[in-house]
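Here is my note on this model, written for someone opening it for the first time. Please keep the structure in view while reading.

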Amino acid sequence: MRAVICGAGVIGASIAYFLTRRGVKPIIVERTGIACAASGKSGGFLARHWCDGTPSQQLARHSFDLHAQLAGDSREDWGYRRVTTYGGSGSARTQTRHTSQNPIGWVSAQIDVGQQLGSTEDTAQVHPALFTTAMMRAAQSQGAELRIGTVTGVKQAAGRVSGVEVDGALIEADAVIIAMGPWSILAAAWLRLPAVYGLKGHSLVFETGAAIPPEALFLEFHEAGGAVQSPEFFPRPDGTIYVCAISSDNPLPIHPAAVTPDPGAIERLERICAAVSPALASADIVARQACFRPIARDGLPLIGRVPGVTGAYIATGHSVWGILNAPATGEAMAELILDRATRRVDLAPFDPGRLKPLDPARLRFGAA
Ligand SMILES: Cc1cc2nc3c(=O)[nH]c(=O)nc-3n(C[C@H](O)[C@H](O)[C@H](O)COP(=O)(O)OP(=O)(O)OC[C@H]3O[C@@H](n4cnc5c(N)ncnc54)[C@H](O)[C@@H]3O)c2cc1C
C-alpha cells in the first residue's frame with residue numbers, strides 16, 4: 001500500500017507510527033517541520049477521565065493507557081510521567097494571604113489551591129514536541145519517509161484517490177490521510193469535507209533550573225483589568241514550567257511558520273505568571289509562543305473516511321486533547337485503513353460525514 005500522510009504534527013506522526021507497526025511505509029509530507037505548530041507548543045497534559053460522559057470517553061481512556069504503554073516500551077525519553085493535578089483561584093488585585101496550607105509549594109500566598117483534580121493514577125504529562133518527534137523517528141526507523149513540502153491538492157480518478165500534489169508535483173497514493181491540524185480546512189477545496197477552525201492560545205516556557213515536583217495546576221485568575229483567565233501550569237522533568245492561557249479568535253495564517261503571538265498577549269501572560277509564583281517571577285523565559293487548536297463545528301474530532309472518495313481519510317479537530325488522543329487516533333486510523341474496521345475505539349461519533357461539507361468559496365485565511 002502507498003500511503004501519504006499530510007502533516008507531521010502529533011496526529012500525523014502517530015498515524016505514521018502505527019502504520020509502520022503494521023508493515024506500511026508511509027510518506028509524510030510536512031510544510032514546515034515536525035511538531036512546528038500546536039503539537040510542539042502545547043501543554044502535553046494527559047487525563048484519563050476528563051472526557052468521561054462525552055463521545056470521546058473511549059478514545060481518551062484508551063489513548064491515556066496507550067501513552068503509558070508507549071513510554072514503557074520505548075528506550076526514548078519524551079518526558080512522560082504521572083502527575084498530581086490541582087485546581088484553584090487567584091487574583092492580581094487581592095493580596096489576601098490564604099491561611100490554609102497550599103498543597104503546592106511553588107505558588108505565592110495569594111493563590112488558593114483548594115482542589116485536587118487528579119492523581120498519579122489518572123493524570124500524566126509528556127513533552128509534546130519530544131513525543132511527536134519520537135513517534136516520527138520510530139516510524140522512520142521502520143521505513144516511513146518524511147518529505148518537507150506543501151500539500152497543494154489531492155488527486156482522484158473514478159471515485160478513488162490517486163495521489164497527493166506537493167508543490168505542484170504528484171506523489172501517487174492508494175491512501176491519503178489529511179492530518180494538517182487547523183490547516184486541514186485547505187482540504188475542503190480538494191475533498192468534500194466539513195470546516196476545521198483554529199482557536200489561538202498563547203504560552204510561555206520558563207527555565208526554573210531546579211527540578212519542580214510533578215504537580216499540574218489549573219487556575220481561575222482575575223487580572224487587574226477585571227478579565228478572568230484560565231492559566232494552566234505544567235512543570236516538566238527537564239527543569240522548565242510550561243504555562244498557557246489567553247485564547248483569541250484572530251484568524252489562522254495560511255503558512256504555519258507565520259503564527260505569532262497577538263500584540264500584548266505575552267506581556268499579560270508574563271504578569272499573570274509573576275503574580276502566581278515567585279519561582280516564575282524570577283525565572284528566565286525560554287519560549288514566548290502562540291499556536292492554534294484544530295476544532296470542528298461540533299467540537300468533536302473528525303476521524304475517519306472522507307465520504308465519496310475511496311482511500312481518502314482525515315484525522316483532525318482534536319481541540320484541547322490532541323496530545324492525549326494522538327496514540328488511539330493513530331492506532332484506529334491504521335486499523336481503519338488496513339482492516340476497514342477498528343478494534344479498540346468506535347469511530348462512529350467522529351465520522352466526518354456527520355457534518356455538512358464546507359463550500360470552498362468560503363475559505364478565508366489571515367495574512368501571510
Ligand atoms: C495552547 C495550547 C495548549 C494545549 N495543551 C494541550 C494539552 O495539555 N494536552 C493535549 O492533549 N492537547 C493540548 N492541546 C491541543 C493539541 O496541541 C492539538 O490538538 C494537537 O497538537 C493537534 O495536532 P495536529 O497534528 O492535529 O495539528 P498540528 O500540530 O497543527 O500539525 C499540523 C501540521 O500540518 C502542517 N501543515 C499545514 N499545512 C500544510 C500543508 N499545506 N502541507 C503540508 N503540511 C502542512 C503544519 O506545518 C503542522 O506541522 C493544546 C493546544 C494549544 C493551542
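The points below go from the whole chain to its sheets and then to its helix contacts.

1. Ground rules. This is a predicted model, where local features need pLDDT of at least 70, side-chain atom pairs count only at pLDDT 80 or more, and totals for chains, interfaces and linings use all residues. Residues are numbered from 1 along each chain as its sequence is written, and side-chain values use heavy atoms, without hydrogens and water.

2. Overall form. The chain has seven helices and 20 strands. These are DSSP runs numbered from the N terminus: H or I of at least four residues for helices, E of at least two for strands. The radius of gyration is 21 Å, close to the 21 Å that the globule rule gives for 368 residues, so the chain is as compact as a globular protein of that length. That radius is taken over C-alpha atoms, and the rule is 2.2 Å times the number of residues to the power 0.38. Along the principal axes, the C-alpha atoms fill a box of roughly 70 × 45 × 35 Å.

3. The six-stranded sheet. This open sheet runs β8-β2-β1-β12-β20-β19, with mixed pairing. Its edge strands, β8 (145-148) and β19 (302-305), each pair on one side only. Neighbouring strands are turned by 20° against each other on average, direction ignored. Two strands count as paired if DSSP finds at least two bridges between them. β1 (residues 3-6) and β12 (residues 175-178) run parallel and are joined by four bridges. Ala3 has Ala175 as its bridge partner in β12.

4. The three-stranded sheet. Here the order is β3-β7-β4, open, with antiparallel pairing. β3 (45-47) and β4 (81-82) are the edge strands. Two bridges join β4 to β7 (residues 123-125). Arg81 stands opposite Gln125 in β7.

5. Helices on the sheets. Which strands does α7 lie across? They are β12, β19 and β20 (312-316), and α7 runs at about 170° to β20. α3 lies across β3, β4 and β7, at about 120° to β3. Axes are lines fitted to C-alpha atoms, for helices over the stretch in contact, and angles run from 0 to 180 degrees between N-to-C directions.

6. α1 with α7. Helix α1 (residues 10-21) packs on helix α7 (residues 322-339) at about 45°, with axes 8 Å apart. The two are therefore oblique. The cut-offs are under 35 degrees for roughly parallel, over 145 for roughly antiparallel, 65 to 115 for roughly perpendicular, and oblique for the rest. Contact (heavy atoms within 4.5 Å) involves residues including Ile11 and Phe18 in α1, and Ile323 and Met333 in α7. By class, it has 11 nonpolar, four polar and one charged residues. Nonpolar covers Ala, Val, Leu, Ile, Met, Phe, Trp, Tyr, Cys and Pro; charged covers Asp, Glu, Lys and Arg; the others, Gly among them, are polar.

7. α3 with α7. Helix α3 (residues 57-73) meets α7 at about 90°, with axes 7 Å apart. They are therefore roughly perpendicular. Among the contact residues are Phe64 and Leu70 of α3 and Leu324 and Pro327 of α7. The classes come to 10 nonpolar, five polar and one charged residues.

8. α1 with α4. α1 and helix α4 (residues 128-141) pack at about 30°, with axes 8 Å apart. They are therefore roughly parallel. The contact includes Tyr17 of α1 and Phe131 of α4. It has nine nonpolar, three polar and no charged residues.
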